Amino acid sequence: MSTPYDIATIRQDFPILSRTVYDRPLVYLDNGATTQKPLCVLDAMREEYLNVNANVHRGVHYLSQQATDLHEAARETVRRFINANSTNEIVFTRGTTEAVNLVAFAFGEKFVGEGDEVIVSTMEHHSNIVPWQLLAGRKGATVKVIPINDRGELLLDEYEKLFTDRTRIVSVTHVSNVLGTINPVADIIATAHRHGVPVMVDAAQSAPHTRLDVQALDCDFLAFSGHKMYGPTGIGVLYGKERWLEEMPPYQGGGEMIDTVSFTGTTFERPPLKFEAGTPDYVATHGLAVAIDYMERIGLDRIAAHEHDLTRYCMEQLLDIPDMRLIGQANAKTAVVSFLVGDIHHLDMGTLLDRLGIAVRTGHHCAQPLMDRMGVLGTVRASFALYNTREEVDALCQAVRRVSKMF
């Protein structure tokens with residue numbers, strides 16, 4: 001069993017957690033949208049801008065070489081973090097959304113045609129639905145959907161029935177951003193592979209909370225975002241098995257991704273540079289690497305245990321509140337608790353919680369098909385990070401109880 005870490009010391013790395021809002025201590029529980037950044041990440045990025053700022057991969061001068069070394073060292077850090085086979089399989093993107101769009105376009109351009117099928121699930125974020133719908137519209141393909149039960153768990157028997165000889169790819173979330181459900185992606189991948197179908201995993205909500213091993217999972221693609229795991233905004237990662245990246249056409253054209261250019265034709269770099277047109281956010285890649293190092297120093301297993309404890313504790317406390325409805329009660333669940341109280345509108349609850357210093361997310365959470373399935377317009381969502389505490393959960397529950405009595 002993982003030993004706890006010193007949460008008070010950890011919180012000192014995040015000065016924003018000590019501020020007040022409306023003259024009340026900030027309780028930040030919107031980590032599913034974005035996490036706060038530790039000082040080491042901010043300091044590393046500032047240091048690079050101050051002393052190592054030069055465009056990468058193009059210059060022979062010292063600063064460019066130094067910046068390139070940091071950028072490629074970040075790629076190696078990411079490779080190690082997810083246990084990819086090679087840095088050739090690590091493509092830097094602006095985030096999970098761009099990574100999914102990249103695969104939907106480039107894989108779809110090569111391997112999806114009229115009458116073909118893509119499988120996603122009911123609980124997907126819009127960024128793992130809309131790109132596939134756009135592909136289907138361009139190609140005359142069909143998007144098929146894995147159903148879920150009332151607890152917010154995928155119906156794997158129904159998933160198996162969706163496969164036909166026209167199924168070309170499965171794209172599914174690892175952890176739901178609304179339900180907190182941890183999907184059995186290893187089983188999902190194994191099923192798809194038995195049908196000869198590749199799988200993309202949206203790991204935006206799992207990378208901050210659990211250990212990833214793309215070789216053990218045997219996923220074909222996997223994506224996550226830096227800003228949800230204590231890194232900077234505007235940076236993300238697409239992992240792709242090298243054989244797929246070699247076969248897929250470029251997503252965008254421009255500098256960096258070319259081998260030779262002439263008016264009679266252009267040849268392209270090999271992956272990953274083939275998919276990294278233009279100047280990358282090389283300072284953000286360094287910041288992401290520092291964020292990964294920070295998480296690993298604390299210990300991914302210890303982070304997971306801490307957040308699991310907060311999730312279960314929060315659910316237990318909230319269920320003591322009259323008319324409480326928890327949305328998503330899967331057996332395998334972490335870091336997210338979505339709820340409604342009686343007939344109180346989620347926006348009203350979130351607005352009043354804000355006045356009490358509690359930062360939560362309200363709305364459909366970019367998951368409208370899931371909201372339709374659960375029979376709600378939106379929810380209040382509390383989402384946890386490595387720096388949250390049981391005392392903050394108590395503050396949330398006390399505030400929800402107080403607001404509930406106003407209606």
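At what angle do helix α4 and helix α5 pack, and how far apart are their axes?

## Model and helix pair

This is a predicted model, in which local features need pLDDT of at least 70, side-chain atom pairs count only at pLDDT 80 or more, and totals for chains, interfaces and linings use all residues. Residues are numbered from 1 along each chain as its sequence is written, and side-chain values use heavy atoms, without hydrogens and water.

Helix α4 (residues 96-111) and helix α5 (residues 130-139) pack at about 25°, with axes 9 Å apart. Axes are lines fitted to C-alpha atoms over the stretch in contact, and angles run from 0 to 180 degrees between N-to-C directions. Helices are DSSP runs (H or I, at least four residues), and strands too (E, at least two), numbered from the N terminus. The pair is therefore roughly parallel (under 35 degrees).

From α4, Val100, Asn101, Val103, Ala104, Phe105, Gly108 and Glu109 meet Pro131, Trp132, Leu135, Arg138 and Lys139 of α5 (heavy atoms within 4.5 Å). By class, this contact has seven nonpolar, two polar and three charged residues. Ala, Val, Leu, Ile, Met, Phe, Trp, Tyr, Cys and Pro count as nonpolar, Asp, Glu, Lys and Arg as charged, and the others, including Gly, as polar.

## Backbone details

Pro271 and Pro272 are joined by a cis peptide bond, with omega about 5°. Pro272 sits in the loop between β12 (265-268) and α10 (282-298).

Tyr230 has a positive phi, near 70°. Its loop runs between β9 (221-225) and β10 (236-240). Most residues other than glycine have a negative phi, and most peptide bonds are trans.

Notes: Angles under 35 degrees count as roughly parallel, over 145 as roughly antiparallel, 65 to 115 as roughly perpendicular and the rest as oblique.
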